[in-house]
Structures are given as structure tokens and as C-alpha cells.
Amino acid sequence: MNDRTEPDLSDSVASQHLPSSAAAPWRPLGLWLWLMVLLNVLCSTNSGFEPDVACWVDWSRQLNDLGYAGLEGNYPPLFTHWLWLVGHIHDLLGVTPQLGGLLRLLAITPVIVAHGGLLWMMDRLLRASHATERQSTWIMAFAVFSPALLMNGPIWGQVDLLFSFLIVSALLCLIYDRYLLCVFPLLTLAVLTKFQAICIGPAILPLLWHRRRPELFAGLLLSIPLAAVLVLPYVMTGSLGLMIDKAYIGASGLFPVSSYNAANLWTLIGMNEVQDSRLFYDHGTVARGWQLLFTPHYLGIAMFGAWSLWLLVDGLRHDVIERHWRNAMLSIAGFFLFLPAMHERYLFPAAVVAMVALACDRRFAWHAVVLSLLTAANMAAVMKPAGGALLHLQAVFIFVTIAVMIVGLPCASALFWRAGRLPFWLWLTACVAVWGIALAIHLYDVRQAEAQRMANFKARGWMDAAAMQGRTSHQEWGQLQEGRSVGQRPLTVAGRRYLAGLGTHARSSILIPIPDGATAFSAQAGLDDEEPGGLVRFEVYLDGQHAWTSPDMPYGAAAQPLYVDVRGKRVLELRVDPMGSNSGDHADWLEPRFLFERR
């Protein structure tokens, strides 16, 4: 007896060929795509979750100015490559990557594409499962207006839909035993997008065993050169080991807390943002020896291990379509509920899996709705108060729109259906037009704001270079500080206090774009008084060409003034050479200014 046989083909697409578009009921996929793009663009106009968006700003600047070797980010390669492109798009447009609508729209463009791919996939599955027009309309509307998808991508500014779409595509191929050649390349891309993609492992492994066909192993061979191509920029810059350490090895220990705003088991017992090395029954005690077994770190791993083992055994024993979908959702849910250091967004892939399962089998309707609402609610709680207000507005918009389309005014419904009959290529063109218009508006806003700022600076005759947009840096110790020393104390050199400047540590490089109209750059350079000892040399480069060098600067020496002509130059680079050992080399660039001819 074959466990995979399902008599009710109306709720399954197992072993069926997709019908031709002529034989299938008409569905307005193009219109759904246009609504999705419009909604994503509108939602992306808010400020988003600024700590995460600030990462896209910094990383795109670093990739543009310093390359992969100077990247301080901890994301795997796939989305990092996109941020490299975002930085160069900004360069091509003549603007600097900065917080705002332009960068947010460019950063989430792959999310919009993935959302479109999800809609296309669900439309095909609905056709194959012979869904009625009403079922198809409700399910597609839910996929377009899903609170989880909109909250995570355009509103929050995150990119979890990328790897979620990849893992659900691989899952779909395995469950229905089709396109097995694509499975391992899809899983490879998912892991190279975000390490969290391993959350689907307990559901995928039994399916790999059941579907052990030659084409599956051929796909494994294809994934090797695919991965090699994606990590090639890191290999060429000698930063492959650093990327692996930050994005994979170090990722699990990046947040050593029980829970990081995730509504899971550890938050339930009051251990949100509590160190995962503390006893779960006594939050104030750091565990020692055998007590470590009762900390969220080890207890969470053990619980998820047991959860995964159960799913593995169940998946191996029963090759049943409905169970595979259920196990995939449970695998992701267990990953979120039990493991330590979970974030508020880590339930998100379960909502995506549930949507695709719903398109295959209407019995998964409540899974899709509940998981989407739970995921969105967890993110909204972290984004308060703006996130909560946006979610409320979004919910009203969803219900009003669907009501008008389906059970509302007859004329509105008729207009919707007629619009959906327009050619598909026309809707795709409209999608690109919406995105392009939004990009043009954001670009105009950025240039207008920059022009006003520059006009103010030119009227004054100078601007603070330490506060310039687009600054990137790389240093061997600590973090670059603005208005403070690298040790986060007041800037002080040879007993004199300075209010403005940059505190760094040798060896370091700071790249600052030179504003249009600037004629010169002036500053003072010296070792900060906060750390005795040290010996450095300060250097200035313009467009990669040497422009100024200080004498060897020991601890206690007075700051050295500098003045360089920057007319016709694009990038200013400030370097600090440790002259051998970098012990105590707390270096300061003091009162850095770009000078303009007064009008």
C-alpha cells in the first residue's frame, strides 16, 4: 500500500500535471502581482526598523568603498551581493547610501520579486488542485495582503522572505516528487541567503530519503559550483574565512541570550534578553558544571533535538503529503519555540510554508491564518508604536479591499474582474512602472535634501566632515566613534579638549566622499590622552593618491594640523599607520572640515 495516495484530488496536487491555461479557470494573476507591488512600495515608505535598515546602509557603503574585505556584516553571501549592487546603484545615481526611502526600496526589491514568485507558485498550485474561483480569490488575496509578509519585508525592512521562498520551493519539489534536480541548488541558495534556513532540516531529511532518485544527486553536484561562484568574491579578496566565521560559526553565539524579543518558551517564563547561561528556574544565577544542563542554551538544544528526532522518525515512517506539510511547519515552529537566541521574526518561514500548503490543500487554511497573524503580532510588538499603528491600518485596508472585491459593490467587483483580463505582460509592465516611479520620487527627495544641505554649508563656508553621509571605515580594534575617542571618552590630545572629530584605532582607514564644491580639507591629528604609549603616523589620500603625511606622532605630542586641496577629487581617505605594534594607538582626527568658497 502506498501511503502517498490521496483519493481526494481536489485537495491535492500529487502526481498531477498542471493543466493548460485554456482548460483552467481564469484567474487574474497579473492584477494580484500589481496589487502586491503597489502595497509593498506603499508600506516601504515608512521608516522601518531603523537598527536593521542601518545595517543595509553601512554594509552597502562598506562594500562600495572598501570591498568584501572591508565588510563588517554577518550575513551570508547571496543578499550581501545584492547590497554590493545597491551601493553601486547609489554611486551610479550620484547619491550616497543613507537611511531613507531610496535605500529601503532598493534593499527590499529582492523581497518584492520573491513575493511575486510566491504568488505565481500559489496560482499554479490552485489551478492544479482545481480550486473554485471563490477559493482562489480568497487565498490569493490572503497571499497579497498577508500581515506576516508585509510586516517582515516592506514595513520592517527585513529579507526573510528570500530564504523562506527558496526552502518552500525545495519542499514543494520533494513532497510532490517533481523537479528533483532543483532541490539541492534551492537549498544551497537558501543557506547562502541566511543560516536560519536550517530550521527546515528535520522535515527535509526524510523527504530526501524517500526521493533518492538520480536527478536528486545530480542536483547535489550542481550545487557545488553554484556555491563556489557565490563565494568567489570572498575568495578573491581573502575574506572567505572571515565571512564563514561571522555568518555561520559566529552566528549562533552572536546573541547569547535566552530569547531576543521572540514570543517563545523562554519569553513565556520571563527570560527575554536574559543570558542563556543562567538557570531557567533561577534567572539570577549563572550555571556552573552540571548545572549547565538546566540553562536555556543546553536545555533548548536538547528539546529541539528531541522535537527534530520525532519529526525525522515520523517523516521516515509515513510518506504522506499532509504529514510532510505539517512536519515542515512544526519543524520551524520548534526551532522558534525551543532554541535560545531566537528573534521576533524567526517564526516567519512557517507562515510562508503554510500559505503554499493552503494552495495545495484547503485543510491548511487555519494554519496559514494563525501563523501569519502570530508572526505579524510578534514583529508589531517590537516595532511599537509605529509598527502597531501600521499593522492596524493595514488590517483595515485588507478587509475593506477584499470586501469590495468579493462581496461588495457589484460595479467594483465587475471592474476588478475586467481589469484582471488585461494581458499579463501589461500587468508586469505596470509592476515595473510602480517600482520605477517610487524609485524616481525617492531619488528626487534625496537630491533635494542634499542640495539644501550643501547650500547651507556653502553659505557658512565649511562643514563638519565627521558628520558626512556615506562615511565608511575599517580598523583593527574597536569601533569608529564620532565626537568621542575610540574608548568613548571626550576627545583629548596633549591635555586639550576637542568637541568635534573622529576617534579610531590603528591600523585604520576612513573613507569620506568629498562634497561637490569643496575646495579644501582641514583637520588636526594626534594620539588621544586616554591610553598611554603608542606611536602612529597619520596619512591622507585623495582618490587613492597620497596627499599628506604627518611626522611620527608619539603619545603626548600636540595635535598636528593639516590642510589639503580637494578640488576635483571624489574620495578622501584618512589612514592611521601603527608603526609596528598597535598597542595604545588610540588615534583622533580632530575638527575635520571641508571648506567651501563663501557665496
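Predicted model: local features only at pLDDT ≥ 70, side-chain atom pairs only at ≥ 80, totals over all residues.
**View 1. Helix α5, residues 109-128, from end to end.** With 20 residues, α5 spans 29 Å from its first C-alpha to its last, close to the 28 Å expected at 1.5 Å a residue (the expected span being 1.5 Å times one less than the number of residues). Helices here are DSSP runs of H or I with at least four residues, strands are E runs of at least two, and both are numbered from the N terminus. Of the 20 residues of α5, 17 are buried, so the helix is largely enclosed by the rest of the structure. Buried means under 20% relative accessible area, exposed means over 50%, and partly exposed lies in between, using a 1.4 Å probe and protein chains only. Residues are numbered from 1 along each chain as its sequence is written, and side-chain values use heavy atoms, leaving out hydrogens and water.

**View 2. α5 alongside α8.** The two axes come within 9 Å and cross at roughly 25 degrees; axes are lines fitted to C-alpha atoms, for helices over the stretch in contact, and angles run from 0 to 180 degrees between N-to-C directions. That makes α5 roughly parallel to α8 (under 35 degrees is roughly parallel, over 145 roughly antiparallel, 65 to 115 roughly perpendicular, and the rest oblique). The crossing is left-handed, that is, the near helix is turned anticlockwise from the far one by less than a right angle, whereas clockwise would be right-handed. Look for Pro110, Val111, Ala114 and Met121 among the α5 residues in contact, and for Leu161, Phe165 and Leu172 among those of α8. Contact means heavy atoms within 4.5 Å.

**View 3. α8 against α9.** Here the axes come within 8 Å and cross at roughly 160 degrees, which makes α8 roughly antiparallel to α9. This crossing, too, is left-handed. The contact includes Phe163, Ile167 and Cys173 of α8, together with Val183, Leu186 and Ala190 of α9.

**View 4. Threonine 193 in the loop between α9 (183-191) and α10 (201-210).** Threonine 193 counts as buried because its relative accessibility is 2%. Leaving out residues up to four places away in sequence, threonine 193 touches Tyr75, Pro76, Leu78, Leu162, Phe163 and Leu166.

**View 5. Arginine 213 in the loop between α10 and α11 (214-236).** With a relative accessible area of 29%, arginine 213 is partly exposed. Beyond four places in sequence, its contacts are Asp177 and Leu180.

**View 6. The largest nonpolar core, around Val183 and Trp325.** Of the 129 residues in this core, these two touch the most other members. A nonpolar core is a set of buried Ala, Val, Leu, Ile, Met, Phe, Trp, Tyr and Cys residues joined through side-chain atoms within 4.5 Å. Helix α8 (residues 160-175) gives the largest share, 13 residues. Tryptophan 325 is in contact with residues including Val168, Leu171, Tyr176, Val353 and Phe364. A second, separate core of 31 residues includes Ala465, Leu542, Ala587 and Phe596.
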